[in-house]
Amino acid sequence: MIVCSCNVLSDRQIRDALTDAESPARTAGQVYRCLGCSAQCGRCARTIRKLIDDVNAANCGGCARECPAHALVEGHSQRHNHPHNHTHTESFPVAAE
């Protein structure tokens with residue numbers, strides 16, 4: 001799906017920039033720079049931030065009750081098949097711009 005029509009960026013390209021093993025992007029500005037472009041009209045920034053939140057939450061592996069990044073995923077169900085007595089050992093910052 002095209003997220004940015006000005007730069008013709010797809011959600012796959014943005015997700016790839018966010019999960020780059022060497023230097024993952026953490027902000028919308030970093031995503032643009034990683035993909036060799038810059039913001040034009042800015043209408044896609046909200047969607048890029050949502051993708052950042054989704055990727056951070058997916059990397060977390062915890063449940064919404066214990067992980068603030070995971071709680072940002074819209075429609076996330078708190079009905080998991082695991083007990084909710086675990087703690088997170090790694091933190092995945094939620095990028096804000």
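This is a predicted model: local features need pLDDT of at least 70, side-chain atom pairs count only at pLDDT 80 or more; totals for chains, interfaces and linings use all residues.

Accessible areas here come from the Shrake-Rupley method with a 1.4 Å probe, and for residues only the protein chains shown count as cover. With that, I looked up the accessible surface of the protein chain: about 6,100 Å², with 48% of it belonging to carbon and sulfur atoms.

Residues are numbered from 1 along each chain as its sequence is written, and side-chain values use heavy atoms, leaving out hydrogens and water.

Next, the layout. I found three helices and two strands, in the order β-β-α-α-α from the N terminus. (Helices are DSSP runs of H or I with at least four residues, strands are runs of E with at least two.)

How many of the 97 residues are buried? I got 34%, where buried means under 20% relative accessible area with a 1.4 Å probe, protein chains only.

Then I checked T27, which sits in the loop between α1 (11-18) and α2 (28-34). T27 is buried, at 19% relative accessible area. Its side chain reaches the backbone nitrogen of Q30 at 3.1 Å.

Last stop was V31, in helix α2. V31 is buried too, with a relative accessible area of 0%. Leaving aside residues up to four places away in sequence, V31 touches I14, L18, A25 and I48; a contact means heavy atoms within 4.5 Å.

Terms used: Buried means under 20% relative accessible area, exposed over 50%, partly exposed in between (1.4 Å probe, protein chains only). A polar contact is a pair of N or O atoms within 3.5 Å; within protein, one must be able to donate a hydrogen and the other to accept it, and residues adjacent in sequence count only if both atoms are side-chain atoms.
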